[in-house]
Amino acid sequence: MKFWIDKGGFIYLFQILKAAGAIQEYREVSLAIKHGQVSVNDETCFKQRRVLKVDDTVRYKKLHIKVMERDELGRTDEEAMRGKQPDGTVKHGDVKGWGFKPLKKDIDVDIELEEISRRVHEMLVQNNLKLAMAESCTGGMIQNLITSHAGSSKYFVGGLICYSDEIKNKILKVKKETLKKHGAVSKETALEMASNAAKLFAADIAGSVTGIAGPDGGTEEKPVGTVHIAVKFIDNLLHQNFVFRGNRDSVRKKSSLQLFKLILENLS
């Protein structure tokens, strides 16, 4: 399998394993490297942040990845042979393999999510605070990140995925009047979701996110990418709203990232 980087660029070992789909979670990447299951240039490597450059090879189980370099126009050799012009996409793998999709920005967001969720984890443990979560458009992504850290049971008491208005009302007790007047994707709904989650789970901190991840469902008033996040932080109720650009997965990741940032800002 070929993995393409920009001319003069590099990529870390843990990034390439995640991007190649060899391992799904960064925690698993860490364990695989720690246990000597990964080799670079046929030598066992124990450094997650080993810098990989052109012509380096990575082996993990049956997977063999070779780092290749794009030309001055940002093309792979196959693209250059076909006369392809730069179009802002990045090539993952070989022609018959992964296809075209953005790489660097996705990896950057994944790394930032991993790092900020770890920092929130450490701060919550240190301050002995309980956390709850109420998610809509992110569909459990935030709770998955929280529980990926060993020891999260010390502070994470529980959460809900409130996708439909019916569940927001019946389980999370968001008022029907709020949903009817302001809609599920609104400041008012996000605030009620966070506040009610804190009560339901008896948590010191509760976060909520509701939005339109796309590709459909947007309106002129609330376009695709519109997201409202809220945090009930002890006695304070905080809110932020965004209009994110990108595909569905990108919107969900950016929403998760901003919620972690809002929590961390108030923990620091």
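Select serine 195 to begin: leaving aside residues up to four places away in sequence, serine 195 touches Lys232 and Leu237, where contact means heavy atoms within 4.5 Å. Serine 195 is placed in helix 8 (residues 187-201); helices (H or I, at least four residues) and strands (E, at least two) are DSSP runs, numbered from the N terminus. With 14% relative accessibility, serine 195 counts as buried; buried means under 20% relative accessible area, exposed over 50%, and partly exposed in between, using a 1.4 Å probe and protein chains only.

The model on display is predicted: local features need pLDDT of at least 70, side-chain atom pairs count only at pLDDT 80 or more, and totals for chains, interfaces and linings use all residues. Residues are numbered from 1 along each chain as its sequence is written, and side-chain values use heavy atoms, with hydrogens and water left out.

Next, display the open sheet of 5 strands, whose order is 11-10-12-13-14 and whose pairing is mixed. Two strands pair if DSSP finds at least two bridges between them. Which strands stand at the edges? They are strand 11 (156-161) and strand 14 (236-243); each has a single partner strand, so one side of each is left without a neighbour in the sheet. On average, neighbouring strands of this sheet are turned by 10 degrees against each other, direction ignored.

Within the sheet, select strand 10 (residues 131-135) and strand 12 (residues 205-211), which run parallel and are joined by 5 bridges. Glutamate 135 has valine 209 in strand 12 as its bridge partner.

The last stop concerns aromatic rings. The structure holds 2 aromatic pairs. Tyrosine 12 and phenylalanine 14 form a stacked pair, at 6.0 Å centre to centre and 15 degrees between the planes. Rings of Phe, Tyr and Trp (its six-membered ring) pair if their centres lie within 6.5 Å; planes under 30 degrees apart count as stacked, over 60 as edge-to-face and the rest as tilted. The rings of phenylalanine 242 and phenylalanine 244 have centres 5.0 Å apart and planes at 15 degrees, so this pair is stacked. Phenylalanine 242 and phenylalanine 244 are both buried.

How values were computed. Axes are lines fitted to C-alpha atoms, for helices over the stretch in contact, and angles run from 0 to 180 degrees between N-to-C directions.
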